Every structure is written in C-alpha cells, then in structure tokens.
Amino acid sequence: MARTGLAGAVRVARWADSALGPGSDAATADGKATLSDATAERAAAGLGLDPDRIRADWDTARLAGLIEVHGDNARPGWRLRAWDRDDSAVLRGWVALFDAWSLAGPEPAEAEPAAVAEVVSAMPQVLSFLQLSAGPVPVEQLLDLLQQRVTELRTERCEVSYEPGEGGSPAPAGAAAPAEPAPAGDTPLAPLLEWALRALASVGALTYGDGQATLTPLGSWAVWVKLEQICVAAQSPAGNIEQSAEDMLRGCAQLRPNAARAEYRAWLAARPVGSAVTELLAAARGDDALLRGLAFEALRVVGAPAEPEVHAVLDDPALRPYALLWLAEHDGVDPEDAHEVLTREEATWLWVDTAAAVADHGETSMLVRHLEAAVQPTVPTLLDEVRAVGHPRTVQVLVALAAAHPDPALAKAVRRAAFQVHTGG
C-alpha cells in the first residue's frame, strides 16, 4: 500500500534525479534542481502527466523524504536511493507523509490559526479512537471527541471558556450550569474536522465519505506504531530517556545487551531520528572508546535511516572501522564475518580502541583475554603493527596490558614496546 500510494512521488523524484542532477545536459539554466513552472512543464511533457499532478507529486515526494530541499537546491533523499531494496525505507517514507498530513491541503480560509493548531494537536486522540474502533465511525462521534479534546487542551492552558456574562466575567454562583460544555473558541470545529479527515484521506491514512471515517490498514498500522513508540518511551528501563546521548550511553555501559537495546529504543523513540543519529555520532567522536562502541550499537537499533550519516564518517579514522562494520552488517553480512571488510591496519586500530575501552572500564582479566581477538598470529607481530597504526591511546593500552599479563617475559616485551612508542623509537 505504501509503495502504491507513493508511486507518483517516486516517479517525479526519479525524473528530477536524472533530468536535473549535476552534470546533466537537461539541467535547468541556473544549474539548480528546483521545480519552477518551466521545470513542471518539462516534467509533465516527459512523464505524460498534467503539470498540476507533477506539482502535487513533487510536494508529496518532499514530505515523504524522497526529495530533500536545501534552500534553492533539491537532491534525492536516502529513501529514494533505498526504495527498491529496503521495505523499511518505504514505510518510513509513508509515515513521514502521514506525520505531515496537515500540510497536504490548505485549512479553511476563515479558521483562526490557534484553532487549527488545536485541531492538529487533538487529532492523534481522534486517530487512536479510530484505530481502537477497527471500523467505520460516524463523523458526529468524531466531532464530539474532537470538541472534548480541544476543551481539555484549553483547560490545560487555563483557557477555560465561560458562559457569556456582563463584562465577560464568569457566570455568578448559583447560576444554572450549562447543559453541554462551552464551545472551545469562536471557530466552529466541524469544518476543521472535515479538513483534517480529507487531508488524512489524501495521504492514504483513512477513507472518508457518507458521514463516516475508517482507517485504512496502512493508517491503522501507522497509528499502532505511534502508540507503541509512546509505550516504549514510557517504559525506559534505566530512566535515561531525557539524557543526552553521551550520558545515556554511559548509563547503558553496565547493562546487559538486551536491556541496553531496550534503553536505546526508548531513547530513540523520544526524539527525531535525524537529531538522534547526529547526537550519537558526536558522542562516538569523543575520547571515551567505550562510548564509541556503544554509540554504534545504538545506531544498529536505528537501522536504515542512519545509513547516510554512517557513510559520511568513513573519512574519520577514529570512526571508520566501526562504520565499516555497521555498513557490512546493514547490508546483510553475518556479524561474525563482518570483520573481513576491515584492512589489517583498520582491524589493528579497532583492537587498540577496544583495548582502551577495556582498560578504562573493564577488568584486567578482560584485557588479557582481548589479546586473543587480535588478527596478528604472534604477540611480536601485534606489537609491531600496534606501534605503526598510531592510535592515540597506544601507550596507555600497552602499559595496562603489561601490568595485567601474568607472563613476565611477555609483560616485559609489552612494556618495552610502550616505552618505544612513548619516546618515538
């Protein structure tokens, strides 16, 4: 359903990618991939569609993340690149469109902006009611629910409406109570509910007609996902949901893997995925090697939406081995075989970085066991390559390993290597 509903947007996005991309002979005169009137006419001619259809599909592509607009420039989004091979990219694109339903059509011209904002804020509860009803619901019933929710929103802001009285004051004590709740503002809500239902129908979330509304299977799934995210966020096992990425990762350092993943999911559910990925990568760039590894574990929970940002850090020597492993696993490589994508130098750098995390946060016995994870067949070869890789924590790692290892001869060799790195020898 998502692929069908977004087929037109994908078609226009792919046309723009090929016709307006950098270096294309068909690029616009100003060299910018923008949808001007002339571009809409060209797209309509090229695709055999009406220009108004082209503009509507272009807007849908933008809302679904198939096209990213930066100022006067547009470029294909990661979802368009992953469209044919990644079902989750398709579903995330449709959910992005679903989240932007209020932009799908203009609100009634006579509606007050504040009333429009209240209706947009109240619609999640209306959609939840539709999802729980699992069938057609009369619009009159939805209007009652909308009025109740808008009244609650106003009450929470201490904007309770009073019955008209002299000077606009509350009704005097002892006056008869109104039979029904006072209207939530001067703007009638029925036209706004009509606008909201038509907008949601236009993005494929529900069907609307004959005085009733019904969620589509896709709309029902999306509402269920939103409810699940709220429940996950409310059940943060370690209470780190409001923390920064760095503090959250530190809080997860002592958790078992399953509990840590639950914490990552709760933390991610409470914030936009783009800013969450940026924050996790910022934490990974810090001095703490343990946080580097945990940040990429959290990014594994993020999945496909993190792919562009992970690709972008391949030029960072500190993050490159982690990013290569993440990308290999994302492409379906077995985690046990993913290390094969690393060069010998990258594997050595990762060995030192992991050893630094163990030295800072683990037990000495773990550091000794970490020797077995090295790709080098002998300790002298390992020491030579560790010295050559230039990791900033090399000296500290070798000193800690020398202090922890029970073999005096091996410990002496490791201390000698640490001294040589320290003195530049």
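Modeller: The following account begins with the chain as a whole and then turns to the salt bridges. The model is predicted, so local features need pLDDT of at least 70 and side-chain atom pairs count only at pLDDT 80 or more, while totals for chains, interfaces and linings use all residues. Residues are numbered from 1 along each chain as its sequence is written, and side-chain values use heavy atoms, with hydrogens and water left out.

The chain comprises 21 helices and 5 strands; these are DSSP runs numbered from the N terminus, helices being H or I of at least four residues and strands E of at least two. Of its 425 residues, 42% count as buried. Buried means under 20% relative accessible area, exposed over 50%, and partly exposed in between, with a 1.4 Å probe and protein chains only.

The structure holds 22 salt bridges, a salt bridge being a side-chain nitrogen of Lys or Arg within 4 Å of a carboxyl oxygen of Asp or Glu. One of them pairs D84 with R14, whose closest N and O atoms are 3.0 Å apart. D84 lies in the loop between helix 5 (78-82) and helix 6 (87-99), whereas R14 belongs to helix 2 (residues 7-19), so this pair ties together parts that are 70 residues apart in sequence. D84 is exposed, at 61% relative accessibility, and R14 is partly exposed, with a relative accessible area of 35%.

Another salt bridge joins the side chains of E194 and R198, at 2.6 Å from N to O. Both residues lie in helix 9 (residues 189-202), 4 residues apart, which is about one turn of the helix. E194 counts as partly exposed, at 30% relative accessibility.

A further salt bridge links D288 to R250, with 3.0 Å between the closest N and O atoms. D288 is in the loop between helix 13 (273-284) and helix 14 (289-302), and R250 is in helix 11 (residues 245-252); the pair therefore ties together parts that are 38 residues apart in sequence. D288 counts as buried, at 12% relative accessibility, while R250 is partly exposed, with a relative accessible area of 38%.
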